Amino acid sequence: MTAELVPTTSEIRLPPVPWRDPHTVSPAELVGYIQQLELACQENPRSADLRTCLGMAHAMNYDVYQSMDALELAVALEPENFWAQLKYAELHYRLRALIVA
């Protein structure tokens with residue numbers, strides 16, 4: 001897997017998804033992806049897609065509170081964004097906060 005950004009239909013480019021199989025991503029590599037995503041979020045503060053990716057990366061790194069913050073912001077930025085809502089609900093489900101999910 002390369003570290004190049006994956007083109008999307010919008011002008012914002014999303015990084016490749018290293019967390020499809022969490023056992024193949026080293027912790028150091030995941031930290032690098034998180035840093036890359038944080039920079040991308042600073043450059044594109046209104047992107048729910050980038051915030052969703054950041055939340056997923058934090059979740060894979062077991063940073064629950066940072067994951068929740070990123071996913072909450074993604075849903076707040078675009079309330080109709082399916083992936084932001086799905087990943088936010090999935091995080092609550094995995095935390096057994098079923099009333100919220």
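Helices here are DSSP runs of at least four residues, numbered from the N terminus. On that basis, the elements of the chain run α-α-α-α from the N terminus on. The model is predicted. The chain holds four helices and zero strands.

**Overall picture**
- The chain has 101 residues, and buried residues make up 35% of them.
- Take the contacts between residues at least 6 apart in sequence: 40% of these join residues at least 24 apart.

**Confidence**
- Mean pLDDT for the chain is 84.
- A pLDDT of 70 or more is reached by 74% of the residues.
- Confidence is highest in α3, at a mean of 96, and lowest in α1, at 92.

**α1 against α2**
- The crossing of α1 past α2 is left-handed.
- From α1, the contact is made by Leu30, Ile34, Leu37, Glu38, Ala40 and Cys41.
- From α2, Leu50, Arg51, Cys53, Leu54, Ala57, His58 and Met60 take part.
- By residue class, this contact divides into 10 nonpolar, one polar and two charged.

**α3 against α4**
- α3 passes α4 in a left-handed crossing.
- On the α3 side, the residues are Val64, Ser67, Met68, Leu71, Glu72, Ala74 and Val75.
- They meet Ala84, Gln85, Lys87, Tyr88, Leu91 and His92 in α4.
- The contact of α3 with α4 comprises eight nonpolar, three polar and two charged residues.

**Serine 67**
- Serine 67 sits in helix α3, which runs over residues 64-77.
- Its relative accessible area is 0%. The cut-off for buried is under 20%, so serine 67 is buried.
- Beyond its neighbours within four places in sequence, serine 67 is in contact with Gly55, His58, Ala59 and Leu91.

**Alanine 84**
- Alanine 84 belongs to helix α4.
- Alanine 84 counts as buried, because its relative accessibility is 0%.
- Setting aside residues up to four places away in sequence, alanine 84 touches Thr52, Ala74 and Val75.
- Alanine 84 and alanine 70 are 14 residues apart in sequence. Their C-alpha atoms are 9.5 Å apart in space.

**Tyrosine 62**
- Tyrosine 62 lies in the loop between α2 and α3.
- Its phi is near 65 degrees, a positive value in a residue other than glycine.
- The relative accessible area of tyrosine 62 is 72%. Exposed means over 50%, so tyrosine 62 is exposed.

How values were computed. Residues numbered from 1 in each chain as written. Predicted model: local features only at pLDDT ≥ 70, side-chain atom pairs only at ≥ 80, totals over all residues. Heavy atoms only, no water. Helix = DSSP H or I, 4+ residues; strand = E, 2+ residues; numbered from the N terminus. Buried < 20%, exposed > 50% of the residue type's maximum accessible area, 1.4 Å probe, protein only. Contact = heavy atoms within 4.5 Å. Left-handed = near helix turned anticlockwise from the far one by under 90°. Nonpolar A, V, L, I, M, F, W, Y, C, P; charged D, E, K, R; others polar. pLDDT = per-residue confidence, 0-100.
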